[in-house]
Amino acid sequence: MKAVLLKNFGGPENMFLGEAEKPQAKTDEILIRVYASSVNRPDIVQRQGNYQPPPGDSEILGLEVAGVVEALGEGATRWQVGDRVMALIGGGGYAEYATAHQDHAMGIPIEMSFEEAACICETYLTAFLNVFMLGKLTNGQTALLHGGGGGVNSAAIQLCQYLVPDTKLIVTCSSGKVERMQSMGVDHVIDYQNSSFVEEVAKITDKKGVNVILDHLGADYLAGNMRSLSVYGRLLQIGVMSGAKAELNLAVMMVKRQQIIGSVLRARSVEEKAHIISTFDQKVGGALSNGKIAPEISHVFQFSEAADAHRMMESSQHFGKIVLKLID
Ligand SMILES: NC(=O)c1ccc[n+]([C@@H]2O[C@H](COP(=O)([O-])OP(=O)(O)OC[C@H]3O[C@@H](n4cnc5c(N)ncnc54)[C@H](OP(=O)(O)O)[C@@H]3O)[C@@H](O)[C@H]2O)c1
């Protein structure tokens, strides 16, 4: 089968469209003919050689796919050959065929394209897991989402607007994305290049701080995040783009009864992922079907242009998701 492969770990120039062995659906798995996949930041870290797939998962890049069920593994009874599905996978999305556990797939709503469906599983599930299942954001609270023009964070904005419409949303982004961010209808946009998010959050919340922060910057933002968090606030740490080590004042954290929750989706067990997916499907599946929630797609690249797709993500020129398309 065709697949985007790596000559070596390193820059995007190492990516090329080559031939790989077609995977086989194992017990409880389905084989998917991939129509579209999408790029996530962890793909870049994996390409650089710093994020290995969990044991047993494909070494090919790609964490989410949309396509058509091609074959069923032993015991896989939830889907039929020919079903349109989108799936969360531990690896192997940048390829013509990928396997997924049957409980890690969701049906693609009739009106939804393969390109859109390729943006749901890793992206929206990460946002949903962190902001709602772990962060427990509820109506009437305030959330700070960093990098709102990114894939995960644009999904988090939409999920907040749909699930907890009375939540106050404060979003950071670079100067060039402020206008587009405002058009998403968030309450406050902070241009992190020209202002301090800590000072802005203090002004907006009358120094009370926010209940939930979704952060992927890590080290450089830790002190500011802790200062921006309310009493009983929850900081969800999903990435470390600015570094992984930083100093923390545990006494302040203790007195303010705050929590820092670290989370990755990929390393979780089959059962945990299945639970997250079924909870998401129950709460958000309807909104995906009726179009109330649809991913912000920034650019669509062919599989043969995967290196350019990575270059675009690394330059942060995109707003929303970058899609890789295999079949029209
Ligand atoms: N833990 C998990 O399970 C999990 C799963 C998936 C992804 N992730 C992590 O989530 C993060 C986002 O992934 P993604 O695929 O959505 O990537 P993405 O689309 O590239 O989003 C990252 C965003 O961060 C913004 N950004 C960069 N520097 C910033 C700063 N100093 N302050 C605020 N925003 C800044 C970028 O745009 P601007 O700077 O132009 O605003 C960009 O929009 C990554 O760190 C990734 O590793 C974690």
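Predicted model: local features only at pLDDT ≥ 70, side-chain atom pairs only at ≥ 80, totals over all residues.

Visitor: How many helices and strands does the protein have?

Guide: Helices (H or I, at least four residues) and strands (E, at least two) are DSSP runs, numbered from the N terminus. The protein has ten helices and 15 strands. Its radius of gyration, taken over C-alpha atoms, is 19 Å, close to the 20 Å of the globule rule for 328 residues, so the protein is as compact as a globular protein of that length. That rule is 2.2 Å times the number of residues to the power 0.38.

Visitor: Which domains does the assignment give?

Guide: Domain bounds come from an automatic or database domain assignment. Here domain 1 covers 2-120 + 266-325, and domain 2 covers 124-262. Their C-alpha centres lie 26 Å apart.

Visitor: What area is buried between domain 1 and domain 2?

Guide: The size of an interface is often given as the accessible area lost when the parts come together. With a 1.4 Å probe and summing over both parts, the buried area is about 2000 Å², and carbon and sulfur atoms give 71% of it. In contact (heavy atoms within 4.5 Å) are 24 residues of domain 1 and 19 residues of domain 2.

Visitor: Which residues form a salt bridge with the closest N and O atoms 2.8 Å apart?

Guide: Side chains of opposite charge can pair when their charged atoms come close. A salt bridge requires a side-chain nitrogen of Lys or Arg within 4 Å of a carboxyl oxygen of Asp or Glu. E296 and R180 form the pair in question, and the count between domain 1 and domain 2 is one salt bridge. Helix 9 (residues 270-289) gives the most to the side of domain 1 that touches domain 2, namely eight residues.

Conventions. Residues numbered from 1 in each chain as written. Heavy atoms only, no water. Buried area = accessible area lost by both parts, 1.4 Å probe.
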